[in-house]
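Please read them with the sequence and the model side by side.

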Amino acid sequence: GILGIQASDCADLEVADSEIYECSLGGLMLERVSGVNIHGCSFRDLGGDRITLLDCEDVTMDGAALDGNAQIP
């Protein structure tokens, strides 16, 4: 596929225990999303970044806070 998960303009998103792989643009792309909890996920064989965040708030990955405007390779 192109993207593993894409979401925009929403709140309270949980991505848990997922294998996201072989996506040509990246694993997870979120725009203007608040209250995101990513945990227990595996990202591999991606054509782009694992995670792209644009104007997001309150994002954690495996318990660590992430910048709401970040690209994580």
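1. Which residue in strand 3 is the bridge partner of C10? That partner is V33. The two belong to a parallel pairing of strand 1 (residues 3-16) with strand 3 (residues 26-39), which runs over 11 bridges. Strands here are DSSP runs of E with at least two residues, numbered from the N terminus, and two strands pair if DSSP finds at least two bridges between them.

2. This is a predicted model, in which local features need pLDDT of at least 70 and side-chain atom pairs count only at pLDDT 80 or more, while totals for chains, interfaces and linings use all residues. Residues are numbered from 1 along each chain as its sequence is written, and side-chain values use heavy atoms, leaving out hydrogens and water.

3. Strand 3 also pairs in the parallel sense with strand 5 (residues 49-54), over five bridges. There, G26 stands opposite D49.

4. Strand 6 (residues 57-61) is another parallel partner of strand 3, with four bridges. In this pairing N37 has T60 as its bridge partner.

5. The protein chain as a whole has eight strands and zero helices (a helix being a DSSP run of H or I of at least four residues).

6. The C-alpha trace spans about 25 × 20 × 20 Å along its principal axes. Of the 73 residues, 32% count as buried, meaning under 20% relative accessible area with a 1.4 Å probe, protein chains only.

7. Among contacts (heavy atoms within 4.5 Å) between residues at least 6 apart in sequence, 24% join residues at least 24 apart.

Definitions and conventions
Buried means under 20% relative accessible area, exposed over 50%, partly exposed in between (1.4 Å probe, protein chains only).
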